[in-house]
Protein chains: 2
Amino acid sequence: MRIRIDLAYDGGDFHGWARQPGLRTVQGEFEAALATVLRLPEARVVVAGRTDTGVHARGQVAHLDLDRAALDASAGRSPEPPLVTLVRRLNGILPADLRVRRASEVPAEFDARFSALWRRYAYRVADRPEYADPLVRQHVLIRSRPLDLAAMNAAATDLLGLHDFASFCKPREGATTIRTITRLHWEREPSGIAVAHVVADAFCHSMVRALMGCLMTIGEGRQDVSWAGERLDAATRSPAVPVAPAVGLTLEEVGYPPTAELAARLLVTRAKRDPGEVR
Amino acid sequence: MRIRIDLAYDGGDFHGWARQPGLRTVQGEFEAALATVLRLPEARVVVAGRTDTGVHARGQVAHLDLDRAALDASAGRSPEPPLVTLVRRLNGILPADLRVRRASEVPAEFDARFSALWRRYAYRVADRPEYADPLVRQHVLIRSRPLDLAAMNAAATDLLGLHDFASFCKPREGATTIRTITRLHWEREPSGIAVAHVVADAFCHSMVRALMGCLMTIGEGRQDVSWAGERLDAATRSPAVPVAPAVGLTLEEVGYPPTAELAARLLVTRAKRDPGEVR
């Protein structure tokens with residue numbers, strides 16, 4: 001059976017998602033807890049978005065394959081459904097900065113990474129002392145210069161749609177930097193905090209933070225509104241585009257197609273994302 | 001000149017508001033920072049709500065009296081208004097869990113404590129794994145039993161209005177436990193987190209947390225809806241009423257009258273709150 005697990009974490013004390021020997025990572029902590037609760041020698045999961053060091057998640061999604069007998073055995077004599085027991089036991093041993101929100105059985109065609117239609121990130125900034133809130137300081141960047149949201153939103157329109165985002169990506173051998181941004185908009189939360197909502201089919205390495213660094217440079221009046229589009233057209237990274245600090249960035253949600261479309265989606269994404277693999 | 005200062009803090013690492021020798025308190029940290037920035041031997045403030053150990057604040061209000069010359073001297077040659085400089089410098093040396101949001105000049109009749117018309121607290125609970133959010137874990141209580149908000153709101157109606165809240169107060173020599181609760185309502189935030197909004201003219205020691213402990217006992221189905229009113233009528237503390245953990249409690253806002261009514265308000269509050277004082 002295949003299990004989808006929804007996760008939330010405070011990335012501040014993790015060296016990112018991906019397991020690394022000797023470092024505290026979300027995947028490392030999570031897979032260790034899974035192995036303990038399921039009494040397996042090891043557990044391996046596939047994730048929707050491999051977040052970098054310090055980046056948070058409220059809507060991270062992972063899947064793992066599991067023997068139904070192992071799940072039933074781990075639940076013991078609990079009268080609850082086995083997946084409810086699994087969530088409760090995982091949260092009982094996981095650290096406070098990593099929580100399992102839900103576990104559900106999914107069809108074999110569901111792949112946390114390749115089935116995903118889109119990823120939604122939020123980037124939050126308290127740009128005035130009035131908005132600084134110590135209760136959310138782990139996931140809201142504090143800046144001293146007020147941001148001009150209208151200017152940032154005007155600049156953002158040049159980034160919408162299908163583009164080569166090489167100017168905003170750390171290059172990786174053989175990987176494409178072509179992505180489709182379907183939403184990129186700044187607004188004020190009721191608290192006054194500025195938040196950018198960014199939705200794309202997928203993001204390459206450091207892309208959201210470079211986009212945010214570019215737009216905040218404009219929002220602070222240090223570059224013109226046209227600069228974001230110019231950087232995009234240059235199609236090459238520039239040291240003038242700062243990579244915004246990880247603290248403000250949260251993976252909020254991952255979107256998937258309805259079950260009936262999962263198999264078709266998988267073929268499309270695999271063919272597009274990895275040109276070396278046939279279909 | 002009299003200065004009003006609006007403060008926010010994460011109470012988790014403080015031994016409450018009130019200065020205590022050898023302990024890390026909000027007042028202690030804040031007055032030390034004021035003395036440093038204003039280059040005074042010491043600074044003393046009056047506060048609206050003396051929060052207990054572990055209790056948070058987003059809308060705490062304090063006042064202090066200051067020599068205008070001392071303020072101007074502290075601002076140096078900065079072209080900003082002196083109070084903007086004061087806020088910036090205070091935040092520059094305060095720890096990350098304590099922020100100054102605003103400083104403003106107020107009339108001499110403004111008293112952070114005695115002018116206050118009402119205090120609004122919020123108490124937040126994540127009562128299902130789906131709602132647990134590591135990014136807000138310092139100020140949201142995690143409970144495993146789902147809360148019945150309708151039952152808690154039905155029980156809360158018995159607590160509204162002017163009552164002797166002795167059942168919910170830690171007694172203090174010569175202090176009244178008569179208070180007026182004008183709002184006490186549970187609802188769900190968009191995230192699913194349950195939040196109680198509680199407004200009263202003032203609260204006695206541990207009152208909000210005892211009210212929350214009482215209502216959550218009802219919300220978890222361990223007491224009937226009538227129990228809150230019965231506890232109130234008993235007018236004596238009972239070990240059956242748990243004091244809810246401080247982690248979920250935040251002082252959100254303090255309400256003041258318009259400037260023209262400040263002088264009159266001061267007389268009324270002083271007369272009511274301290275029967276030993278004439279008027």
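Start with the two domains of chain A: their centres, taken over C-alpha atoms, are separated by 29 Å. Select residues 2-106 for domain 1 and 118-254 for domain 2. These bounds come from an automatic or database domain assignment.

A word on the ground rules. This is a predicted model, where local features need pLDDT of at least 70, side-chain atom pairs count only at pLDDT 80 or more, and totals for chains, interfaces and linings use all residues. Residues are numbered from 1 along each chain as its sequence is written, while chains are lettered from A and ligands numbered from 1 in the order in which they are written.

Now look where the domains of chain A meet. 16 residues of domain 1 are in contact with twelve residues of domain 2. Contact means that the C-beta atoms of two residues, placed from the backbone, lie within 7 Å. On the domain 1 side, select four nonpolar, nine polar and three charged residues. Here Ala, Val, Leu, Ile, Met, Phe, Trp, Tyr, Cys and Pro count as nonpolar, Asp, Glu, Lys and Arg as charged, and the others, Gly among them, as polar.

Next, show both chains. The contact takes 25 residues from chain A and 25 residues from chain B. Which elements of chain A give two or more residues to this side? They are strand E1 (2-9), strand E3 (56-65), helix H3 (82-93) and strand E4 (98-106). Helices (H or I, at least four residues) and strands (E, at least two) are DSSP runs, numbered from the N terminus. E4(A) brings the largest share, five residues. Colour this side of chain A by type: eleven residues are nonpolar, five polar and nine charged.

Turn the pair. Chain A can be laid on chain B with an RMSD of 0.0 Å by a turn of 180 degrees and a shift of 0.0 Å along the axis. Select A:Val136: in chain A, its C-alpha is the nearest to the axis, at 3.2 Å.

Finish with confidence. pLDDT is the predictor's confidence in each residue, from 0 to 100. Chain A averages 92, and 97% of its residues score at least 70. Select residues 275-279 of chain A, where pLDDT stays under 50. Where pLDDT is low, the predicted coordinates should not be read in detail. For the complex, the predictor gives an ipTM of 0.89 and a pTM of 0.91.

Terms used: Copies are superposed by least squares on the C-alpha atoms of residues with pLDDT of at least 70 in both.
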